[in-house]
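I opened this structure to find my way around it. These are my notes, in the order in which I looked things up.

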Amino acid sequence: MAPSMSLVHSANTLNILDFVVNKGHGVKGLSELGLKTLPPQYIQPPQERFDHTSNEEENKDSIPVIDMSNWDDPNVAKAVCDAACKWGFFQIVNHGVPIHVLEDVKDATHKFYALSAEEKNKYSKERSVSNHVRFGTSFTPEAEEALEWKDYLSLFFVSDDEAASLWPPVCRNQALEYMKSSEFMVKKLLEILMKGLNVKEIDESKEAILMGSKRINLNYYPTCPTPELTIGVGRHSDVSTLTVLLQDDIGGLYVRNTETSKWVHVPPVSGSLVINVGDALQIMSNGKYKSVEHRVIANGTNNRISVPIFVNPKPSDVIGPLPEVVGNGEKVLYKHVLYSDYVKHFFRKAHDGKATVEFAMI
Ligand SMILES: COc1cc(/C=C/C(=O)SCCNC(=O)CCNC(=O)[C@H](O)C(C)(C)COP(=O)(O)OP(=O)(O)OC[C@H]2O[C@@H](n3cnc4c(N)ncnc43)[C@H](O)[C@@H]2OP(=O)(O)O)ccc1O
Ligand SMILES: O=C(O)CCC(=O)C(=O)O
Ligand SMILES: [Fe+2]
């Protein structure tokens, strides 16, 4: 249920962190209070805000949209590998994941966020019965100087049985279906990307290190009173191997062009999935495939949702440049790191662009 109107009048005196983080209202609850101004905790430093006055929005560059109708077409393989090298991002259409599965998980995301704060808060870091299920807001509120205008539900997949007992009933089947229906496509993409690195086949141990664990996040970006002062998600690169991102039709995801450093919009394309290379694959490919900075702007008129699947190594895996990639004597750019150490390092600090990957640099 929406907070009472009396809270609107006491918004100035409201303990924002208590309301948003501890009571589980999230920024969605804050947005529904009808605030006219942004609480100061959300005001980002000028360099992190989206510069609406620059020509960024007129920048006509765009990430490739690749038609996957024929997985065996060498032109498709080339387009995928080129995009992973140049952009670290691309969109795919005709990818084989049924459209109704995508629509169902978007509906389920809205249903989860329509639950009461009390109900959602059962999955918060403090109350959740497992750290495999976590409802939260912003990124790492304890470590951030300015908060981000986003709520999330993060679901780490271990088994169907665990998901059945731990994941919120209102969205668990739809999230599982989306994850499972994407598996074939993820494996085919990884096969293509590995061939591009001279890795001929994905055997069991390669499969484990590339896609041994999966996490699905349901992100909610509510309407924001002054979007130009804050950010939905700050500049970061993902720590995954690959991320599969489903976005709705609102837009607002921007990717850094690695050549010009300009921000490029990723326009919603009906039925598509956005794919991006994460830090783990950048490390394994010794920097050939790029894990690129991206961010999401806040929106003054619409609520937005997105549903990323983070395809990761297993937390207990040690990752480093693959022997097939550096066997020819090329300079090794990254050391070997325990993947769970890498992820913990990521979550320990605020979003900071590409700084996370320095943790693994030689
Ligand atoms: C939230 O906004 C985000 C999120 C993201 C997320 C991207 C990804 O998740 S990419 C894939 C990450 N990899 C994995 O999930 C591998 C599996 N992970 C694990 O097994 C564990 O999480 C672990 C990495 C081994 C850590 O486990 P453990 O040692 O038991 O410690 P925890 O208490 O679980 O976490 C340590 C520390 O990190 C914070 N944290 C962990 N997971 C999440 C999460 N999903 N979302 C937010 N925060 C998380 C946790 O709060 C802990 O902090 P403390 O302060 O309590 O120490 C991308 C972009 C976004 O904007
Ligand atoms: O919402 C989006 O479009 C992107 C979200 C994102 O970058 C993330 O969750 O890592
Ligand atoms: Fe991301």
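Predicted model: local features only at pLDDT ≥ 70, side-chain atom pairs only at ≥ 80, totals over all residues.

**Entry 1: ligand 1**

I began with K125, where a polar side-chain atom lies 2.9 Å from an oxygen atom of ligand 1. K344 also has a polar side-chain atom by an oxygen of ligand 1, here at 3.4 Å. For H351, I noted 3.3 Å between a side-chain N or O atom and an oxygen atom of this ligand. On its own the ligand has 1100 Å² of accessible area, and the protein covers 79% of that.

Next I asked which elements give two or more residues to the shell around ligand 1. They are β4 (151-157), β5 (213-221), β6 (233-236), β12 (304-312) and α12 (339-348). The most comes from α12, which gives six residues. I also looked up which residues come nearest. There are 25 residues around ligand 1, and K125, N131, R134, K150 and R215 come nearest.

I looked up the confidence before going on. The chain averages a pLDDT of 93, and 94% of the residues score at least 70. For the complex, the predictor gives an ipTM of 0.89 and a pTM of 0.94.

**Entry 2: the iron ion**

Which residues coordinate the iron ion (ligand 3)? I found H236 through NE2, D238 through OD and H294 through NE2. The distances run from 2.1 to 2.2 Å. Along the chain, the donors follow the spacing H-x1-D-x55-H.

Are H236 and D238 buried or exposed? H236 has 9% relative accessibility, so it counts as buried, the cut-off being under 20%. D238 is buried too, with a relative accessible area of 6%.

**Entry 3: ligand 2**

I listed the residues around ligand 2, and the iron donors H236, D238 and H294 are among them. The list also includes N219, L245, L253, V296, S306, P308 and F310.

Then I checked the polar side chains. In Y221, a side-chain N or O atom is 2.6 Å from an oxygen atom of ligand 2. For R304 the corresponding value is 2.8 Å. H294 has a polar side-chain atom 3.0 Å from an oxygen atom of this ligand. The protein covers 95% of the 300 Å² of accessible area that ligand 2 has on its own.

Which elements supply at least two residues each to this shell? They are β5, β11 (294-296) and β12. The largest share, four residues, comes from β12.

**Entry 4: helix α12**

I went back to α12 to see what is buried there. Y339, S340, Y342, V343, H345 and F346 are buried in this helix. What do the buried residues of α12 pack against? They meet α10 (279-284), β12, β13 (318-319) and β14 (337-338).

**Entry 5: C171**

C171 sits in the loop between α7 (160-166) and α8. Its relative accessibility is 1%, so C171 counts as buried. Leaving aside neighbours within four places in sequence, C171 is in contact with A108, F112, L153 and L218. I also looked at K111, which is 60 residues away from C171 along the chain. The C-alpha atoms of C171 and K111 are separated by 7.4 Å.

**Entry 6: two positive phi values**

Most residues other than glycine have a negative phi. Phi of N198 is near 70°. N198 is in the loop between α8 (172-195) and α9 (204-211). At 53% relative accessibility, N198 counts as exposed.

S261 has a positive phi of about 65°. Its place is the loop between β8 (253-256) and β9 (263-265). S261 is partly exposed, with a relative accessible area of 43%.

Conventions:
Residues numbered from 1 in each chain as written. Chains lettered and ligands numbered in written order. Heavy atoms only, no water. pLDDT = per-residue confidence, 0-100. Donors = N, O, S within 2.8 Å, 3.2 Å for Na, K, Ca; no water. Buried < 20%, exposed > 50% of the residue type's maximum accessible area, 1.4 Å probe, protein only. Near = heavy atom within 4 Å. Polar contact = N/O pair within 3.5 Å; in protein donor to acceptor, adjacent residues only side chain to side chain. Areas by Shrake-Rupley, 256 points an atom, 1.4 Å probe, with all protein chains shown as cover. Contact = heavy atoms within 4.5 Å.
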